[in-house]
Amino acid sequence: MKTALVTGACINTGVAIVEKFAAEGYNVVFTGRNMEKVHGKEKEYREKYPNVGIIGYHIDSLVNDTTVNEKAVKELFDDLDKKGIFIETLVLNAADQGLGQKIFENPLTDFMKVINTNVVWNFCLCEHAARRMKEQGEGNIVFVNSNTAYRAIPDRIAYETSKGGQLGMMRGLALDLGKYNIRVNAVLPGMIRTDRWDKNPEFYAKVPSRYTPLGDVANGEDIADAVFYFAAHARNTTGAELVVDGGNTIQLYPIVPEK
Ligand SMILES: NC(=O)c1ccc[n+]([C@@H]2O[C@H](COP(=O)([O-])OP(=O)(O)OC[C@H]3O[C@@H](n4cnc5c(N)ncnc54)[C@H](OP(=O)(O)O)[C@@H]3O)[C@@H](O)[C@H]2O)c1
């Protein structure tokens, strides 16, 4: 039985990814930042998927909001080694969304936090996971990236920079790790329906998220399906991008719905 590690899986898209892998018969290791939430979610997942192994770890990307917490990543993988668990699939879902960061108002440290989490911390996870995959002669890594790597939205410069950087990292890893039979790919969602929609319905009602050829936004399951495709089915695919945005980014101008 294979094991997948999914980061940031106590809420939203991460939950859908854990559930997809568990439903497909994978053991799943997941992370979140809050110990109580991780324990609660671990209990829920175990009740819902009794036939697979589920373990949660609480881990934050940064120490004091500044330095990348490499020690915690090392401890996580050492603990998995001790338990005899090999991570065959690493899904890098967690992200600092860097919401509402304004170029003339936010301090530089806000920009650095986003880059440190989305790029440097993810690289650190890849390095520790890939070392074990190399030993085992197999493995794959999937980034949950974003179509904002290619098209900008307001007040998200750090986030867009980080997602563009992730794609460069994805290609570099794919090139350097291919010889060890390790594949590295990225899913690029457009807008995903999350709990932020319920918390802020007025804002999301105004977002032109439906202005796409398919006329709808993704849900977590759509993203989980694409992640699972790369992990389980794309045997000869590496360094690839799969955009899941209803066709939003192929447009020269958005299709505005009649009502
Ligand atoms: N939502 C969208 O519309 C959208 C669109 C395009 C791409 N994406 C991408 O899809 C993925 C999932 O999006 P989402 O909206 O479901 O995410 P989300 O609701 O913002 O959840 C993000 C997850 O990342 C974790 N996280 C945040 N900062 C962290 C840090 N400093 N250290 C460790 N973990 C951290 C959070 O942990 P806690 O639970 O502990 O807070 C949470 O589990 C992300 O990579 C995002 O960039 C999302």
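Let me begin with two helices: the axes of α3 (residues 70-82) and α4 (residues 108-136) come within 10 Å and cross at roughly 25 degrees. Axes here are lines fitted to C-alpha atoms, for helices over the stretch in contact, with angles from 0 to 180 degrees between N-to-C directions. That angle makes α3 roughly parallel to α4, a label for angles under 35 degrees. The crossing of α3 past α4 is right-handed, meaning that the near helix is turned clockwise from the far one by less than a right angle.

This is a predicted model, in which local features need pLDDT of at least 70, side-chain atom pairs count only at pLDDT 80 or more, and totals for chains, interfaces and linings use all residues. Residues are numbered from 1 along each chain as its sequence is written, and side-chain values use heavy atoms, leaving out hydrogens and water.

On the α3 side, E70, V73, K74, F77, D78 and D81 meet W121, C124, L125, H128, A129 and R132 of α4, where contact means heavy atoms within 4.5 Å.

I turn now to α5. Helices are DSSP runs of H or I with at least four residues, and strands are runs of E with at least two, numbered from the N terminus. The buried residues of α5 pack against α4, β7 (139-144), β8 (182-189) and β9 (241-244). Among those buried are Y159, S162, Q166 and L173.

Why does S162 count as buried? Its relative accessibility is 0%, and buried means under 20% relative accessible area with a 1.4 Å probe, protein chains only. Leaving aside residues up to four places away in sequence, S162 touches V114, I115, N118 and V119.

Methods:
Buried means under 20% relative accessible area, exposed over 50%, partly exposed in between (1.4 Å probe, protein chains only). Angles under 35 degrees count as roughly parallel, over 145 as roughly antiparallel, 65 to 115 as roughly perpendicular and the rest as oblique.
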